[in-house]
Amino acid sequence: ALALVRAQLMQPMTAAVALDHLWTLAGCDALDRETLDRALATDDPLVRVHAVRIAERTTSGAALASVLARASEDADRAVRVQAALSAGGLDAPVRMAVLEGALRRDLGARDMRSAVLASAVGVEDLLLDAILSGALLDADSVGACAFASELTDLLLDDGSGVPAPDTLRAMLAAIAGVSAERPWLAKAMLE
């Protein structure tokens with residue numbers, strides 16, 4: 001039966017039917033790489049978004065990194081957003097490459113900024129370091145200010161309602177360090 005489902009995916013069909021078939025194969029642990037690659041290359045962006053989600057669940061390591069690198073360059077922003085969301089399971093260096101690329105390409109899009117923040121758990125400090133060094137957010141923009149403010153809030157919020165004194169001191173020192181060269185960034189981080 002699964003071979004029939006896989007064979008049907010080779011035929012033209014609506015996105016809804018293709019998604020049913022893909023999720024069925026994934027749920028039965030019967031989705032092969034060739035079928036996944038075809039889904040990632042289809043013309044329908046909704047199918048590509050789901051193919052990225054399925055890849056997140058069915059692949060790992062270098063295979064997942066390869067899928068996300070390709071999806072990060074997709075023409076459709078929804079696919080790129082899903083790539084950023086799916087990057088959360090990658091090791092820190094590989095995840096950072098996906099997240100930095102996402103910010104460089106789609107910093108002005110709120111959904112992308114939110115996706116990057118959602119996948120940044122565990123690498124927040126690395127993102128902040130990239131920003132402070134000028135590797136990211138090197139120019140003043142609405143998106144850059146919004147992301148800097150959101151990341152600062154994330155770093156300061158430990159769930160207690162009050163930032164930890166050491167974290168607050170470190171954040172204020174970081175802000176002071178960029179205030180001369182990038183006052184817009186310091187202001188955004190303080191807001």
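What covers the buried residues of helix 8? In this predicted model, the cover includes helix 6 (77-86), helix 7 (92-106), helix 9 (124-133) and helix 10 (142-156). Helix 8 itself runs over residues 110-119, and its buried residues are Met112, Arg113, Ala115, Val116, Leu117 and Ser119.

Val116 turns up again in the largest nonpolar core, where Val116 is listed with Leu68, Leu127, Leu137, Phe147 and Leu151 as the residues with the most contacts inside that core. The core counts 63 residues. Take Leu127 as a way in: leaving aside residues up to four places away in sequence, Leu127 touches Met96, Leu103, Val116, Ala120, Leu136, Phe147 and Leu151.

The largest pocket holds about 200 Å³ of space. Helix 2 (15-27) and helix 3 (33-41) are the elements that each give two or more residues to its lining. There are 15 lining residues, and Leu9, Ala18, Ala39, Thr42 and Val47 sit nearest the centre of the pocket. Sorted by class, that lining is made of nine nonpolar, four polar and two charged residues.

Finally, there is the start of the chain. Ala1 belongs to the segment before helix 1 (2-8). Is Ala1 buried or exposed? With a relative accessible area of 88%, Ala1 is exposed, because the exposed class takes in anything over 50%. From Ala1 to Val79 there are 78 residues in sequence, and the two lie 30 Å apart in space, taken C-alpha to C-alpha.

Methods: Residues numbered from 1 in each chain as written. Predicted model: local features only at pLDDT ≥ 70, side-chain atom pairs only at ≥ 80, totals over all residues. Heavy atoms only, no water. 1 Å grid on protein atoms, 1.4 Å probe; cavity = no way out; pocket = protein on both sides within 12 Å on 5 of 7 lines; lining within 4 Å. Points joined across faces, edges and corners; volume = space filled by probe spheres on them. Helix = DSSP H or I, 4+ residues; strand = E, 2+ residues; numbered from the N terminus. Nonpolar A, V, L, I, M, F, W, Y, C, P; charged D, E, K, R; others polar. Buried < 20%, exposed > 50% of the residue type's maximum accessible area, 1.4 Å probe, protein only. Contact = heavy atoms within 4.5 Å. Core = buried A, V, L, I, M, F, W, Y, C linked by side-chain atoms within 4.5 Å.
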